[in-house]
Every structure is written in structure tokens, then in C-alpha cells.
Amino acid sequence: MRAAAETYLDAASTTPLHPRARAALVEALDGFGDPSRLYGRGRRARMLLDRSREQLAAAVGAAPDEVVLTSGGTEAANLAVTGLARAARRRRHLVVGAVEHTSVLAPARALAGQGFEVTEVGVDGSGRVEEAELAAAVRDDTLLVCLQHANHEVGTVQPVREAAALAHQRGALLLVDACQTLGRLPVDMATLGADLLVASGHKVYGPPGTGFLVASRQARLRPVLVGDERERRRRAGMENLPGVAAMAAAVSARVAEASAEQDRMAALAGRLVAGLAGIPEVVVHGDPAHRLPHLVAFSVLYVEGEALLLLLHAKGIAVHSGSSCTADTQEPSHVLAAMGAITHGSVRVSFLRDATRADVDRLLEVLPDAVADLREMAELDTQAVERATEGSGEPRGGAPVGPEGSGEPRGGAPVGPEGSGEPRGGAPVGRERR
């Protein structure tokens, strides 16, 4: 039987190589060499590395010597948070948004056990950081404020410039996670007010295992990886020269292309949202105005997110489920929990640069029947539980069991910090590799 062609709708997780990145990768593979050596091959490798670093710096409005090459966004974020803390003298306080990626939250929380104090700032129902709460959190001893440019699960764009002003008024630095926005929205260090900025290669049509941190001259870092003096003593280890060259080519290409496709991406997202309105009991997440143009996140009530993902996969459609019980964790989405949103039955759709209306229509063709089938199965499961309870003679106290089998009332309070007893920030959930 012939497999159905895949409709890939998970660009926020990872992207294919841009043609210019592929060409740069192949060329660099043929020109191997150690950039730290003085003979001809080493000097040619150094020239390629320097040229790639200059491309990355130009893309975000930084100086080349401010760019630290890493193995991805996760390492870059860890280096920014932990490296800055290791170099700190008197300031021992960090402020983080409750919906940050776990590569920011995890090192910040680890520092809380090493003499630092960490304040997590809540968000509103759209996932946008509460500016008044952020202002109250920043103190005279604050070292670092961490705020993502846009959220990786619901696409909400954060008030980064306002956060920069609040941080700088108190002498603190601002770390901006731009993994989801580089190559999609304008990203400029000065415009954002960022002192440190994190980016990931495979999110921007570069190869996996590549990323970079921009650390301004105001940000003193101590390395997390030690062992040699590469990257101006900020990060040890041999540079991934082919990967860096490909990432730089991808970033340059995407920065040039992004502005011309934003309206088309937004139109695809609008088409999807309009189609979702025809499916009963679907809730769209994120800020309706301040959002990534290519991403739509929603929850389908009374449906297990992973079951829906598998049904869509059987039809050749690849989406991401941000709800609980993903392949690598049993915890609910800390982003949706912090928003006070329903954490079960959540789906994230994100479009590649060559996505078309046909991709959206294919999803909307399959999704209603998949939802109806899962709800019917959930109803049959509920009826079976009720019959079994009646047959055993046990009292039928409480509300009927919800579709997830968790004992939640059907149609009861949304799963989240107010409804489940979870802490507001939720447990960290590493859904994506950066």
C-alpha cells in the first residue's frame, strides 16, 4: 500500500535545510581544517569560521566578537544563564518568565540551590508576561531578566523592549530567547534592548546541533564547558565548522526572506483559525494580536492530544501536541498551565516557509472526523466505566470520568494551576530539542 504524502505542520520544532545552507554545508565538508592552526588548511578554516561569525552577527545587529558558537539553543541558553551567574560578584537575583523554554528555566532553578534567588513572573491568559508583575520583580540586586521574544508553544510575542527598560533601570541585563523568531520576525539586539540573545540553527533552516549566543560587552561570562581556549575562552570544544557555515547561510537567507512572507503566513493561520471555529469546543491559545505569524495553538476539549496526533499521523499529517504524556515526559505543558489554560488535547500547528493553503485545507479535511471519532470513543469508555461501577455495587459518587481517564469531570474546570493544584509556573517540560 502506498504511503500518503506527508503534510508537515511542525516547523516550530525543526525545519529542513535551506538550499543555501545545504550548499554551504557541502562546501565546508570538503574544506576541513582546524581553525586554530597556522598552516594553510587551518588558516582557510579560520577564514570560513570568521566569515560565518560575521554573517551571524550582521543578522542580529551584533559585533562578530560578541557571537559565541554553541551546539544549539539549549547550550546557548545554559551558557547565558549559568555563565553570567558564575561571573557575578554581588548581584544574586534572577527574574524569569513562567513560560520560558526549559533551557532557561532549568539552569535558573538550579542556581536557586546555589545561593541565588529566582523570581518567576506570571503571564495572562494569552501567555503574555504581566508587565506590572515584571516591574515589581526587578530589584536593585537583580543580575538578569530572562524573557523569550515569542513563546514556543502558543506563539505569543512578549514585551521585550519594555522588559529591557525595566532591567536596565535597575542595572540588570536582559536575556532574549530568539529561537522561534530569528528568520521569522525582525531580530536586532539594539531594537530589542537585549544584552544576551539565544538562537538555534535547526529552527531557522540550518542543521541540528548548531546554535549561537550573542553576549554583549556588558555581559561577562565564565564558561560552562572547559578544557581549551576557543570562542575567546567562553566555550570550549572544536567548532563545528560545516554546521556553523550552514547555519550562517540559513540565517542570512531567512532574514532576507522573512518579511516578504509574513502576510502569507498570517493568512494561512487565519484560514486555519476560521476552520477550527466549525469544530465544537475548540479553544485557540495565544495573543490574537501579538503573535508569530506562522503558528496556531489550540486545545480540543474531551480529546487526548496524543491520540489526536496519532490519528492525524495515520493520515499523513505531522503536528505537535503540547499536552501531557508526550513521548519523553508525563508532565503537562508548563506553558498552558501558567496561562490557566486546558493542558489536555492541545495541538500546535506551525507552517514551513513553503506551506500552502492546500496544507491547511488537508488538516481541516481530516481534523473534524478525527475529533468526532475520539470523542465517541471517550464517551463509550465513560459508559463502560459507569456500567462496571453499577455492576460492582460501588457507590456512583462524583462526576463521570473525563476522556483522559484521570477522574476529571467532563466539561469541568480547565486543567491548570487554579484547577489542578499545580504551582503557577508548572513543572518544566522539555518538548523540543534546541
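User: Which residues does Val81 touch, not counting residues up to four places away in sequence?

Analyst: Please bear in mind that this is a predicted model. Val81 touches Leu94, Val104, Pro107, Ala108, Leu111, Leu144, Cys146 and Leu175. Val81 itself belongs to helix 3.

User: Is Val81 buried or exposed?

Analyst: A residue is called buried when its relative accessible area is under 20%. Val81 has 1% relative accessibility and therefore counts as buried. The C-alpha atom of Val81 is separated by 9.3 Å from that of Leu105, 24 residues apart along the chain.

User: Why is helix 4 described as largely enclosed by the rest of the structure?

Analyst: In helix 4 (residues 102-111), 7 of the 10 residues are buried, so the helix is largely enclosed. Those buried residues are Thr102, Ser103, Val104, Leu105, Pro107, Ala108 and Leu111. Their cover includes helix 3 (73-87), strand 3 (93-97), strand 4 (117-121), strand 5 (142-148) and helix 11 (334-339).

User: How many disulfides does a search of the whole structure find?

Analyst: A disulfide is a covalent bond between the sulfur atoms of two cysteines. The search finds 0 disulfides. Cys146 is buried because its relative accessibility is 2%, and Cys179 is buried at 2% as well.

User: Over which rings do Arg41 and Arg92 lie?

Analyst: The charged end of Arg41 is placed over the ring of Phe32, 4.3 Å from its centre. Arg92 lies over the face of Phe116, and its distance from the ring centre is 3.9 Å. As for pairs between aromatic rings, the structure holds 0.

Conventions:
Residues are numbered from 1 along each chain as its sequence is written. This is a predicted model: local features need pLDDT of at least 70, side-chain atom pairs count only at pLDDT 80 or more; totals for chains, interfaces and linings use all residues. Side-chain values use heavy atoms; hydrogens and water are left out. A disulfide is a pair of cysteine sulfur atoms within 2.5 Å. Buried means under 20% relative accessible area, exposed over 50%, partly exposed in between (1.4 Å probe, protein chains only). Helices (H or I, at least four residues) and strands (E, at least two) are DSSP runs, numbered from the N terminus. Contact means heavy atoms within 4.5 Å. Rings of Phe, Tyr and Trp (its six-membered ring) pair if their centres lie within 6.5 Å; planes under 30 degrees apart count as stacked, over 60 as edge-to-face and the rest as tilted. A charge sits over a ring if NZ of Lys or CZ of Arg is within 6 Å of the ring centre and within 35 degrees of the ring normal.
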